[in-house]
Amino acid sequence: MFVVAIAALLLTAQDSSTISHPTPSPQGALVKNRRLDKNQTVARALYDAGLDEVTVTALHGALSAAEFNFKKARPGDQLRFVFRHGQLDVLDYRRSLLTEWQVRRDGDRYVARKREIEREQRIELVDLTVESNVWDAAISAGERPDIAVTLSDVFAWDVDFYRDVQKGDRMRAVVEKVIHKGRTLEYGRVLAAEYMGRSVGTKKSFRYKMPDGTETFFTEDGLSARKTFLKSPLKYATVTSGFGSRFHPVLNYVGNHNGVDYHAPSGTPVWAVSDGTVVRAGWNDGGGNVVCIKHVMSFETCYMHLSKILVKVGQRIAQKTVLAESGNTGKLTTGPHLHFGLKRGGGWVNPLSQNFPRAEPLPKQLMEDFKQQIADAASRLAASRVVLKGN
Ligand SMILES: [Zn+2]
């Protein structure tokens, strides 16, 4: 309940601008907050805020002169209008957390300037202990809840964040942060991470930049942290209010409907568990919207009852590509869930009992370089272990 309440509050705070009424301020100014809607141009938004053609043209000219690229306007961009004596005085256009334009009236013309919001990048240690769920663990540690999404991506081959996370599990990570006025705006790359879990054991991953520039995760011993298949066909994206009993997979071997059912709310992102080619993407009476992908080693995966398909037959897709949203379509569904099937050599097999191989280990001749590169992050991870909880 508590978590749901916070989520609702945050949503209200973020979305209130689109539905808020103009608020008169003490100085006799009228403020209107808007967000760019889907398919709404900037010009349209300006007209919709009550501006006339002369003003819109003037604003357009001022913004263009300040390197504002109208093609880069996106739904969600924030506009703040300040009117005085019935005339637009100030327009703030915020494109992201870090970039905004301000247009001010100067006599009978408008002048715009771009403002880069001050921020700094830091590498910090994140240390979470799960009491009830990852969301609360992040909040109690003074982090943003989306750190869970960031970490789930690092551990995607070993930990299913929907169903493997248990009370007492601990996550530590050395992470890049973008900070503004002491507040974390967003997380960047994870340099090192450790998961200590009741059901999954201890997993450690270190980011390594290969000589060719690609970056990938290895264990401390140089084994690849990546495997040919991910632990879960559901991408961790939403914040759940408790442990994932709903997401617990149920084996379902009835008739030709073999596979695993993940009871998940419609709209949960479904991702490709391995690289492959889409061999099926469309409607089937029993399975509803179905996507099937052919992988290496004569493996094939199928995802059924989808609400939305995001790929086409013949498309090559990489592991972790979001290919659909889960749903409740087709005759053989009994409620919102993802049916996940795995074939090997043409026959259905149990996906939960497969032991998928790891990707290639680190070449021996790179081991020395690897150790050097991860040394700093590794010692920061190790140091955090001595810090007593509650201190
Ligand atoms: Zn099923």
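This is a predicted model: local features need pLDDT of at least 70, side-chain atom pairs count only at pLDDT 80 or more; totals for chains, interfaces and linings use all residues.

Reader: Why is D48 called partly exposed?

Author: D48 has 13 other C-beta atoms within 10 Å. A residue is buried if 20 or more other C-beta atoms lie within 10 Å of its own, exposed if 12 or fewer, and partly exposed in between, with C-beta atoms placed from the backbone. The count of 13 therefore puts D48 in the partly exposed class. D48 lies in helix 2 (residues 42-48). D48 and R34 are 14 residues apart in sequence, with 9.6 Å from C-alpha to C-alpha.

Reader: What share of the chain is buried?

Author: Buried residues make up 31% of the 391 residues.

Reader: How many helices and strands are there?

Author: The chain has 6 helices and 22 strands. Both are DSSP runs numbered from the N terminus: helices are H or I with at least four residues, and strands are E with at least two.

Reader: What makes helix 5 mostly covered?

Author: In helix 5 (residues 147-154), 6 of the 8 residues are buried. They are I147, A148, T150, L151, S152 and V154. These buried residues pack against strand 7 (120-129), helix 4 (134-140), strand 8 (170-180), strand 9 (183-197), strand 10 (201-209) and strand 11 (215-218). Helix 5 lies across strands 7, 8, 9, 10 and 11, at about 45 degrees to strand 9. Such axes are lines fitted to C-alpha atoms, for helices over the stretch in contact, and angles run from 0 to 180 degrees between N-to-C directions.

Reader: How do you know that strand 10 and strand 11 pair?

Author: Two strands pair if DSSP finds at least two bridges between them. Strand 10 and strand 11 have 4 bridges and run antiparallel, so they pair. R207 stands opposite F217 in strand 11. The open sheet has 5 strands in the order 7-8-9-10-11. Strand 7 and strand 11 are the edge strands, each pairing on one side only.

Reader: Why are strand 14 and strand 18 at the edges of their sheet?

Author: That open sheet of 3 strands has the order 14-20-18, with antiparallel pairing. Strand 14 (269-271) and strand 18 (308-309) each have a single partner strand, so one side of each is left without a neighbour in the sheet. Strand 18 is joined to strand 20 (residues 322-325) by 2 bridges, and K308 stands opposite E325.

Reader: What makes the largest group of 64 residues a nonpolar core?

Author: A nonpolar core is a set of buried Ala, Val, Leu, Ile, Met, Phe, Trp, Tyr and Cys residues joined through C-beta atoms within 7 Å. The largest such set has 64 residues, and those with the most contacts inside it are L151, A173, A192, V291 and Y303. Strand 9 gives the largest share, 6 residues. Domain 2 (119-227 + 360-391) and domain 3 (245-353) both contribute, so this core lies between them; domain bounds come from an automatic or database domain assignment.

Reader: Which residues is V291 in contact with?

Author: Contact here is defined as C-beta atoms, placed from the backbone, within 7 Å. Leaving aside neighbours within four places in sequence, the contacts of V291 include V278, Y303, L306 and L323.

Key. Residues are numbered from 1 along each chain as its sequence is written. Two residues are in contact if their C-beta atoms, placed from the backbone, lie within 7 Å.
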